[in-house]
Amino acid sequence: IGDYRCLPVGDIKSSYYSEIVLSETNRTDFLSGEHIEWNYEVENPVNDHGLVVEEAPEWCGGVSGVVVSDGKISFSVHTAYEDLKGRFVFSYISAQDVVVEVEHKATRLILDEASCVLKSNAASGSVGYTVVNELEGMQLEVEADVDWITVTGHDENTVTYSVTENNSGSPRSGKITLSYMGISADYEVSQIFSRAYEAWLGDWTFTGANGITRNVTFLPGVP
């Protein structure tokens, strides 16, 4: 997955006494939150000299965020909201510098739709979502910001919820927030106002005790 290239940096000398050998760098496209560890060794090492990190991407913590110890190079990948590119440059006193070009695949949280409008009665609903470049082991968090919306569950691509009847006296709205690794997306839920007389709206036919029939139409208005 990805390309790994070791490139010379600066002037190329005719020969080098030592050589930097990196392993496990065949995968160079990283995801937010990953901890990466590479192995390395220096062939023909020079006493009292160690591998030096000359350059590292800021989204890996920069040079100060890379730990070199006991034949291992380790660093953590920060959360990013866009795809990024960068490179590592490693040097050793008597060896040719080694460059590893890397990419950061941004994690994205995408909703199938941004909002919905519900009738006044109690109901249930759902919204689909997609996590792009998800990291194994990380969980989606979901919460509603009003008490009349209840999040009833979620699976790998759908969030389900329910709402109570709106007898508050006015239309209302709330939101469901989905969060993943610090990335969030809001789904707005609106509900119209419930009036008891709404059940009577429309055309009706009434027959009196005297047998007289009358057609009546009830229109929306102020109760």
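This is a predicted model: local features need pLDDT of at least 70, side-chain atom pairs count only at pLDDT 80 or more; totals for chains, interfaces and linings use all residues.
Residues are numbered from 1 along each chain as its sequence is written, and side-chain values use heavy atoms, with hydrogens and water left out.

E5 and strand E6 (residues 72-76) pair in the antiparallel sense over 3 bridges, where strands are DSSP runs of at least two residues, numbered from the N terminus, and pairing requires that DSSP finds at least two bridges between two strands. Lys72 in E6 is the bridge partner of Ser69. Both strands belong to an open sheet of 4 strands with antiparallel pairing, in the order E1-E3-E6-E5. Strand E1 (19-23) and strand E5 (67-69) stand at the edges with a single partner strand each, so one side of each is left without a neighbour in the sheet.

The loop between E5 and E6 contains Asp70, a residue that has a positive phi of about 50° although it is not a glycine and that is exposed at 77% relative accessibility (exposed means over 50% relative accessible area, buried under 20%, and partly exposed in between, with a 1.4 Å probe and protein chains only). A positive phi, of about 65°, is also found at Asp48, likewise not a glycine; Asp48 lies in the loop between strand E3 (35-43) and strand E4 (52-55) and is exposed, with a relative accessible area of 82%.

Leu140, by contrast, is buried at 10% relative accessibility and is placed in the loop between strand E11 (123-132) and strand E12 (141-144).
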